[in-house]
Amino acid sequence: YFRSGTHDFACATCHAQDGKRIRLQDLPNLTTQAGAVIGFGAWPAYRVSNGQMWSMQLRLNDCYRQQRFPYPGFASDATIALATYLGVNAKGAASVAPAIKR
């Protein structure tokens with residue numbers, strides 16, 4: 001496996017362990033059903049920080065932005081695959097959408 005230095009990120013970099021945080025933000029472990037429910041089941045959500053309703057697509061794009069990567073295209077293969085992965089991992093749980101996020 002070849003690493004690419006400072007931009008060697010994957011969702012698992014931040015979202016594959018329980019109890020992980022960035023600043024005050026809890027990061028769900030998206031590899032588990034409980035974490036996928038937190039990460040997927042509350043979108044779309046109203047983002048209080050910018051006064052907008054966000055879809056899962058916008059949330060995924062913002063994650064790319066926070067990693068200093070360019071936004072993927074709307075409904076790109078990558079974001080569809082990520083959303084599908086989360087949905088499959090969250091299968092069987094109740095959605096709490098629309099939700100309110102900080």
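Is Ala-75 buried, exposed or partly exposed? Ala-75 is partly exposed, its relative accessible area being 38%; here buried means under 20% relative accessible area, exposed over 50%, and partly exposed in between, with a 1.4 Å probe and protein chains only.

Please note that this is a predicted model, in which local features need pLDDT of at least 70 and side-chain atom pairs pLDDT 80 or more, while totals for chains, interfaces and linings use all residues. Residues are numbered from 1 along each chain as its sequence is written, and side-chain values use heavy atoms, leaving out hydrogens and water.

Ala-75 has a positive phi, near 60°, and lies in the loop between α3 and α4. Helices (H or I, at least four residues) and strands (E, at least two) are DSSP runs, numbered from the N terminus. Arg-23, in the loop between β1 (20-22) and β2 (25-27), likewise has a positive phi, near 50°. Arg-23 counts as exposed, at 73% relative accessibility.

I turn to the sheet. Three strands form an open, mixed sheet in the order β4-β3-β5, where pairing requires at least two DSSP bridges between two strands. Its edge strands are β4 (52-54) and β5 (99-101). Strand β3 (residues 45-47) pairs with β4 in the antiparallel sense over three bridges, and Arg-47 stands opposite Gln-52 in β4. Helix α3 (residues 56-66) packs on the sheet, touching β3 and β4; contact means heavy atoms within 4.5 Å.

Finally, the cis peptide bonds. One runs from Trp-43 to Pro-44, with omega near 10°; Pro-44 is in the loop between α2 (33-40) and β3. Another joins Ala-97 and Pro-98, with omega about -5°.

Methods:
Axes fitted to C-alpha atoms, helices over the stretch in contact; angles between N-to-C directions.
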